[in-house]
Amino acid sequence: MQRGEYPMLIEVDGVSKSYQTGSGQEVEALHHLSFHVKPGEFVCLLGPSGCGKSTLLKLIAGIERADSGTIACGGVQVSGPSTDRGFIFQDYALFPWLTVRQNIAFGLKLKHLSRARLKETVESYLELMGLSGSSSLYPNQLSGGMRQRVALARALCLKPKVLLMDEPFAALDALLRQKLQDELVRLWQADRITFLLVTHDVEEALYLADRIVVMSPHARGNVTTLPVKLPRPRRRASLEFVQLRQHVMHLLESGRAELGRSADAEQPHALALP
């Protein structure tokens, strides 16, 4: 396995995080939250806006620091960003003054690769993501889907052991979103790195994840884990898929996700039909 050869275990233990508003009021985003992601597992963090999903992802990435509790990746406590943990922002965060090729090469240059090795790596990811014909374009000349592929290539070329994604397809139209979801599953199956993706879309979570971690805005220290036991490749129009989507929507609407069951505790019902 060339990329992501050693996938990482992610362990979140008793993490709390608060922010201060402009008026000085303290708002708690996360309270004593604990869960884990197994090495090579694809997990989706699902929940409405304001439940702390993006905050948690930034803490795992090392972009922000928790007020209390610990986060470890591969048994090493997170104290800041690392190339072992790729991060894809919701707005892609591409450098507008750099071309597609230069954006992909940016992180690689920090690894002090030889010129030949850097060129070879960039070319391989341009080809992998279908961007070879657009390598000299700038981000403002690209469609949303192309910008997303550039962001994926820039993260994956660093061979991370964990890939963290914050609602990466939220701004895309439905057909393009489904196409890129398929591409993401293909990349994950090829590399088996640990994926943690934030979404508020139930269908997206069911299509992508081995396991869904449901977060509630009213229970910031407790989450519910829902294993998705559907065979791959998954078909969104299948009876199984539709029934599972209805089941998850019912859980969210009824508030069952707020019962305070630990994400690492055994659940009474996995997401699969008998």
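Predicted model: local features only at pLDDT ≥ 70, side-chain atom pairs only at ≥ 80, totals over all residues.

Analyst: Residues are numbered from 1 along each chain as its sequence is written, and side-chain values use heavy atoms, with hydrogens and water left out.

User: Which order do the strands take in the open sheet of six?
Analyst: The order is β6-β7-β8-β3-β9-β10, with mixed pairing. Its edge strands are β6 (85–88) and β10 (223–227), each pairing on one side only. Neighbouring strands in this sheet are turned by 15° against each other on average, direction ignored.

User: What counts as a strand, and what counts as a pair?
Analyst: Strands (E, at least two residues) and helices (H or I, at least four) are DSSP runs, numbered from the N terminus. Two strands pair if DSSP finds at least two bridges between them. Axes are lines fitted to C-alpha atoms, for helices over the stretch in contact, and angles run from 0 to 180 degrees between N-to-C directions.

User: How many bridges do β6 and β7 share?
Analyst: Four, in the parallel sense. Gly 86 has Leu 163 as its bridge partner in β7. On to β8: β7 and β8 are parallel over five bridges, and Leu 164 stands opposite Leu 196 there.

User: And what about β3 and β8, parallel or antiparallel?
Analyst: Parallel, over five bridges, with β3 at residues 42–46 and β8 at residues 194–199.

User: What sits between β7 and β8 in the β-α-β unit?
Analyst: Helix α5 (residues 174–191), and the unit is right-handed. Right-handed means that, with the strands pointing away from the viewer, the path from the first strand over the helix to the second runs clockwise.

User: Is β7 mostly covered or mostly open?
Analyst: Mostly covered: five of its five residues are buried. Buried means under 20% relative accessible area, exposed over 50%, and partly exposed in between, using a 1.4 Å probe and protein chains only. Val 162, Leu 164 and Asp 166 point one way from β7, while Leu 163 and Met 165 point the other way.

User: Which helix lies across β6 and β7?
Analyst: Helix α4 (residues 144–156), which runs at about 155° to β7 (162–166). Arg 154 is found in α4.

User: Is Arg 154 buried or exposed?
Analyst: Buried, because its relative accessible area is 15%. Beyond its neighbours within four places in sequence, Arg 154 is in contact (heavy atoms within 4.5 Å) with Tyr 92, Ala 93, Leu 94, Phe 95, Asn 103 and Ile 104. Its side chain also makes a polar contact with the side chain of Asn 103 at 3.4 Å. A polar contact is a pair of N or O atoms within 3.5 Å; within protein, one must be able to donate a hydrogen and the other to accept it, and residues adjacent in sequence count only if both atoms are side-chain atoms.

User: Now Arg 236. Where is it?
Analyst: Arg 236 is in the loop between β10 and α7 (239–254). Arg 236 counts as buried because its relative accessible area is 17%.

User: What does the side chain of Arg 236 make a polar contact with?
Analyst: The side chain of Gln 181, at 2.6 Å. Leaving out neighbours within four places in sequence, the residues in contact with Arg 236 include Gln 178, Asp 182, Glu 203, Phe 241 and Val 242. Tyr 207 is in contact with Arg 236 too; the two are 29 residues apart in sequence and 7.2 Å apart in space, C-alpha to C-alpha.

User: Where is Ser 238?
Analyst: Also in the loop between β10 and α7. Ser 238 is buried, because its relative accessibility is 13%. The side chain of Ser 238 reaches the backbone oxygen of Arg 235 at 2.9 Å.
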